[in-house]
Amino acid sequence: MPRLRATISIPSLRAVDRAAGQVGRQIAQSLRAAIANGELKAGEYLPSTRALSTSLGVARGTVTEAFEQLQTEGYLESQVGAGTRVAPTLAEQARPPRPPAGRSPNKTAPIELPPRAVRLAKVMAAFTPMPEVPFAIAVPGGAVAPDDNWRRLGNRVRASRAAAPASYGDPRGLIELRQAIADYVRKSRAVHCEPEQVVITAGTQQGLYLAGRVLLSAGDRVWAEDPAYPGMTAVLDDLDLVTTRVGVDAQGIDVDAAIAACPDARAAFVTPSHQYPLGMPMSMARRNALVAWAARSNAWIVEDDYDSELRYAGHPFPSMQGLAPSRVIYLGTLSKVLFPSLRLGYVVAPLPLIDAFAGARALLDRHSPTADQHVLAAYMREGLFEAHIRRIRGVYAARRATLIASLTRHMPDHVALQPSDQGMHLLLWLPQGFDDVQLAKSALADGIVVRPISPMYEAAARAGLMLGFGGFEPEELEAAAIRLRQVIDLHTPQRRAKPRRNEASH
Ligand SMILES: Cc1ncc(COP(=O)(O)O)c(C=O)c1O
């Protein structure tokens with residue numbers, strides 16, 4: 001019989017507390033810890049179950065249960081007549097290194113992060129939700145939240161058999177919803193499509209990722225606007241694409257400059273209806289130039305149409321997809337016109353690509369929750385969705401007008417207001433030399449959320465702030481405009497020259 005270890009020489013077992021219950025589990029956990037920290041070595045024999053139960057003051061069966069659990073997990077081996085030992089094959093290297101003598105083990109010792117983890121951790125910071133105070137973007141509360149019909153329909157649909165907990169769904173999405181979306185984008189956005197060309201997504205963020213995944217390979221070259229939505233450029237980086245940022249002017253992306261800078265791009269990621277963040281639509285001439293380039297080069301256009309339903313002067317601009325349905329991947333979202341936590345959006349793609357989009361979606365998370373898809377399909381089918389958009393467009397228009405009036409009244413001359421005629425935000429340009437990132441931090445400390453614009457540029461960054469007006473009542477917007485003025489004053493050096501009001505251009 002090999003020499004058995006005495007219970008007393010396994011310090012980790014002292015952690016076992018009979019009063020705390022689940023003693024078998026505690027013993028197993030203490031033995032795992034003893035093996036991990038080297039108190040018990042590979043091949044070493046444990047005390048007998050009898051000795052261990054006596055010294056711990058527990059029933060022998062409790063110890064036997066812990067031993068059996070650890071045998072199943074591969075930590076221990078038992079041989080008839082020889083007792084129980086730590087598995088000799090439990091390689092020394094599999095254990096964490098012992099801390100240097102004299103130092104207590106540091107549970108939060110830093111580990112070296114792989115390069116992609118470093119990049120992704122930075123992305124996380126950019127997606128941390130902001131407090132829901134003015135001028136946060138996309139806070140659809142109160143008058144702009146979906147009305148009682150949404151709740152009523154949700155209850156009705158969820159109580160019905162169709163949306164009750166069920167099996168896996170189609171990764172392309174629920175056919176009723178794909179039909180409703182195809183009808184809607186055909187009518188309202190001049191998108192050319194059949195329901196079979198629609199894939200339901202978890203929002204445009206996922207649509208961007210799927211498009212990159214399906215259309216491109218690591219190392220492929222792509223164009224992105226400068227400035228651009230950081231959630232989009234981060235996707236391109238994560239997919240190891242080589243991005244050429246292309247400046248925008250009053251007509252949108254400069255296609256000639258893009259061709260000159262990167263002639264062999266495989267795709268262009270653009271926001272033609274409402275450039276993000278600057279707000280202008282892409283001119284017809286530029287749309288035609290972009291489509292001609294895509295056709296000539298066998299390249300793709302990824303159209304992020306994130307908030308074009310909300311236009312206050314005239315009708316929404318038609319989509320680019322309608323100009324070139326076989327070259328454009330159209331991305332739509334319910335985040336702006338319904339609410340972002342719904343996490344529903346859609347891709348409209350040429351039919352031959354649909355299975356690939358659905359396959360990429362299936363690998364990520366299979367599909368969007370079926371019940372939510374049923375609720376949205378019914379909301380759209382019953383005409384409530386379009387009525388909701390008409391209603392919120394009126395509310396947003398009034399809030400936008402209030403904010404423009406407040407800012408015009410309260411902002412100093414060296415700050416230039418740029419009101420866009422669509423969407424849920426407008427811009428304030430700050431003079432050269434202003435640190436908009438620092439200003440946004442000060443504003444936050446003062447209970448105001450503004451998004452700095454300079455980090456959205458790669459080249460020739462301009463300092464400015466994005467102000468969302470969608471989620472707030474007029475009085476809140478007015479009060480926040482006054483507070484923002486005070487923050488801006490604190491950041492304005494006394495000697496700064498005063499440029500003319502509204503001097504900003506794109
Ligand atoms: C330009 C742009 N694209 C995409 C998105 C992502 O939207 P979603 O909530 O649909 O993922 C946003 C969100 O703010 C956006 O502003």
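The following legends describe close-up views of one predicted model.

Residues are numbered from 1 along each chain as its sequence is written. In this predicted model, local features require pLDDT of at least 70 and side-chain atom pairs count only at pLDDT 80 or more, while totals for chains, interfaces and linings use all residues, and side-chain values use heavy atoms, with hydrogens and water left out.

**View A. The open sheet of strands β11, β12, β14 and β13.** Four strands form an open, antiparallel sheet in the order β11-β12-β14-β13. Strands (E, at least two residues) and helices (H or I, at least four) are DSSP runs numbered from the N terminus, and two strands pair if DSSP finds at least two bridges between them. The edge strands, β11 (416–418) and β13 (451–452), each pair on one side only. Between β12 (residues 425–429) and β14 (residues 464–468) there are five bridges in the antiparallel sense. Leucine 428 stands opposite leucine 465 in β14.

**View B. Helix α13 on the sheet.** Helix α13 (residues 384–410) packs on the sheet and touches β11, β12 and β14, where contact means heavy atoms within 4.5 Å. The direction of α13 makes about 15 degrees with that of β12. Axes are lines fitted to C-alpha atoms, for helices over the stretch in contact, and angles run from 0 to 180 degrees between N-to-C directions.

**View C. Two cis peptide bonds.** Most peptide bonds are trans. The bond from proline 134 to phenylalanine 135 is cis, with omega near 5 degrees; phenylalanine 135 is found in the loop between α4 (115–126) and α5 (148–159). Tyrosine 276 and proline 277 are also joined by a cis peptide bond, with omega of about 5 degrees. Proline 277 is placed in the loop between β7 (267–270) and α10 (284–297).

View D. Most residues other than glycine have a negative phi. Aspartate 240, in the loop between α8 (230–238) and β5 (242–249), has a positive phi of about 60 degrees. Arginine 343 has a positive phi of about 50 degrees and is found in the loop between β9 (328–333) and β10 (345–348). Aspartate 240 is partly exposed because its relative accessible area is 33%, and arginine 343 counts as partly exposed at 35%. Buried means under 20% relative accessible area, exposed over 50%, and partly exposed in between (1.4 Å probe, protein chains only).

View E. Cysteine 193 counts as buried because its relative accessibility is 5%, and cysteine 262 counts as buried at 3%. A search of the whole structure finds zero disulfides, a disulfide being a pair of cysteine sulfur atoms within 2.5 Å.
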